[in-house]
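User: I am new to this structure and would like to learn how to read it. Could you walk me through some features, step by step?

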There are 2 protein chains.
Amino acid sequence: MAEYTLWCFAQSGNAYKVALMLNLCDADWTPRFVDYFGGETRTPAYRAVNVMGEVPVLEHRDTRLTQSGVILDYLATGLGKFAPHSAAERREVLRWLLFDNHKLTSYTATYRFLRNWVDGPEPAVMSFMEQRMKGAWAILEAHLTTRRFAIGDRPTIADLSMCGYLYWPQEIGIDMATYPAITRWLDDIRALPGWAPPYTLMPGHPLPARKG
Amino acid sequence: MAEYTLWCFAQSGNAYKVALMLNLCDADWTPRFVDYFGGETRTPAYRAVNVMGEVPVLEHRDTRLTQSGVILDYLATGLGKFAPHSAAERREVLRWLLFDNHKLTSYTATYRFLRNWVDGPEPAVMSFMEQRMKGAWAILEAHLTTRRFAIGDRPTIADLSMCGYLYWPQEIGIDMATYPAITRWLDDIRALPGWAPPYTLMPGHPLPARKG
């Protein structure tokens with residue numbers, strides 16, 4: 001049995017943040033497929049595992065954790081990689097983790113979901129989400145123009161969190177040429193030993209064809 | 001000069017999270033009014049203070065911090081109140097801080113903003129945001145049904161974060177009778193020595209009348 005079990009599915013950028021961390025750390029991990037599109041996260045059984053009804057969930061020995069930011073922090077401490085090295089760095093990492101959860105991932109993931117997996121999304125909602133998403137991307141673009149990674153010269157869990165949804169530009173429908181600093185940064189993360197794209201790391205892709 | 005300076009404005013629940021923490025800790029603090037509705041957070045000068053273009057910002061001696069979750073964590077450590085007491089508690093606190101930023105505050109704050117300060121918000125966007133907001137409230141309601149505060153029997157910064165937007169039920173237009181556990185929990189926080197409502201703690205309320 002693997003040391004770490006990650007409850008996940010291929011289309012989840014939040015789960016990918018953790019899958020990528022585990023792979024970059026060469027950890028002994030295995031995925032446990034969650035049938036999100038089949039409704040599993042809305043079942044009482046799943047809510048008993050995670051009241052928030054989300055992936056990822058990480059199991060490690062007697063510990064079961066939810067929220068990608070919590071899991072990344074736990075793994076950085078346990079595996080000694082991609083961690084902040086001081087109290088000030090820890091605050092900077094937390095700052096970008098929170099920005100990611102509040103804005104970057106929140107808007108990007110919702111927009112991508114509506115664009116790809118909802119029949120006839122409301123144009124007004126799409127427009128609203130797109131505008132918010134682009135506001136968050138602009139903040140990240142400005143930040144990465146003056147430094148290589150989120151908190152300086154080396155990658156941390158803040159980078160692994162923020163990149164979670166950004167390797168799907170086609171699904172998001174965004175023109176990466178508008179974001180040269182983000183593109184350069186994603187390439188730098190992609191060059192790390194152990195990097196793999198979400199649809200390779202996690203089960204459940206492609207989805208079965210929809211019923212007419 | 002006060003020990004802590006909080007950049008804030010009265011209508012910001014994110015700033016209120018920190019103002020409330022400072023007041024509950026009986027800290028020596030002063031507000032620095034940010035003219036959000038006048039466009040201050042969109043100026044280059046403000047972006048130089050906070051690239052994310054948000055309040056709160058906290059100044060304490062030589063340290064300037066942004067993101068309410070980072071500031072709450074910093075104050076809990078420095079002031080020794082509302083802090084987690086173990087690594088497991090710290091993970092639980094972070095889990096609810098992230099949930100708050102990703103869902104509870106994100107949807108509630110956006111919905112309240114559209115409802116109160118945007119002329120003619122799109123009905124489709126309002127409906128979408130209301131549904132997401134109520135999903136987040138339902139998760140918090142379920143969680144607080146079985147425990148007094150977010151991580152157990154005593155209040156922590158997770159509670160101070162999550163309550164930030166919830167003392168404005170009329171502005172949100174939500175029926176609190178639907179949320180008895182949240183109502184009880186808000187009353188428990190309100191009973192803490194030093195509690196005060198947002199419009200009392202921070203400057204900028206009421207807004208000047210709109211120009212025709």
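**Reading a predicted pair of chains**

Analyst: Happy to! This is a predicted model. Let us start with a pair of residues: A:Leu58 stands opposite A:Leu65 in β4(A).

User: Which strands does this pairing belong to, and how do they run?

Analyst: Strand β3 (residues 57-60) of chain A is joined to strand β4 (residues 63-66) of chain A by 4 bridges, and the two run antiparallel. Together β3(A) and β4(A) make a hairpin with 2 residues between them. In that turn, A:Arg61 has a positive phi of about 55°.

User: How many helices and strands does chain A have, and in what order do they come?

Analyst: Chain A has 9 helices and 4 strands. Reading from the N terminus, the order is β-α-β-α-β-β-α-α-α-α-α-α-α.

User: What does the radius of gyration of chain A tell me?

Analyst: Compare it with the value for a compact globule: with 212 residues, that would be near 17 Å, and chain A has 17 Å, so the two agree. Along the principal axes, the C-alpha atoms of chain A fill a box of roughly 50 × 45 × 25 Å. As for burial, 47% of the 212 residues of chain A count as buried. Among contacts in chain A with a separation of 6 or more, 71% are between residues 24 or more positions apart.

User: Which residues have the most contacts inside the largest nonpolar core?

Analyst: First the general idea: in soluble globular proteins, nonpolar side chains tend to be buried together. Here the largest nonpolar core has 128 residues, and those with the most contacts inside it are A:Leu6, A:Ala19, A:Met21, B:Leu6, B:Ala19 and B:Met21. Beyond its neighbours within four places in sequence, B:Ala19 is in contact with B:Leu6, B:Cys8, B:Leu201 and B:Met202.

User: Is B:Tyr107 buried or exposed?

Analyst: B:Tyr107 counts as buried because it has 22 C-beta neighbours inside 10 Å, and 20 or more are needed. B:Tyr107 lies in helix α4 (residues 87-117) of chain B. Setting aside neighbours within four places in sequence, its contacts are B:Met129, B:Arg132, B:Met133 and B:Ala136.

User: What rotation superposes chain B on chain A?

Analyst: In general, two copies of a chain are related by a rotation about an axis and a shift along it. Here a rotation of 180° with 0.0 Å of shift along its axis superposes chain B on chain A, with RMSD 0.0 Å. That is the relation of a two-fold axis. The same surface serves both copies, as 100% of the contact residues of chain B recur in chain A.

How values were computed:
Residues are numbered from 1 along each chain as its sequence is written. Chains are lettered from A and ligands numbered from 1 in the order in which they are written. This is a predicted model: local features need pLDDT of at least 70, side-chain atom pairs count only at pLDDT 80 or more; totals for chains, interfaces and linings use all residues. A nonpolar core is a set of buried Ala, Val, Leu, Ile, Met, Phe, Trp, Tyr and Cys residues joined through C-beta atoms within 7 Å. A residue is buried if 20 or more other C-beta atoms lie within 10 Å of its own, exposed if 12 or fewer, and partly exposed in between; C-beta atoms are placed from the backbone. Two residues are in contact if their C-beta atoms, placed from the backbone, lie within 7 Å. Copies are superposed by least squares on the C-alpha atoms of residues with pLDDT of at least 70 in both. The radius of gyration is taken over C-alpha atoms; the globule rule is 2.2 Å times the number of residues to the power 0.38. Two strands pair if DSSP finds at least two bridges between them.
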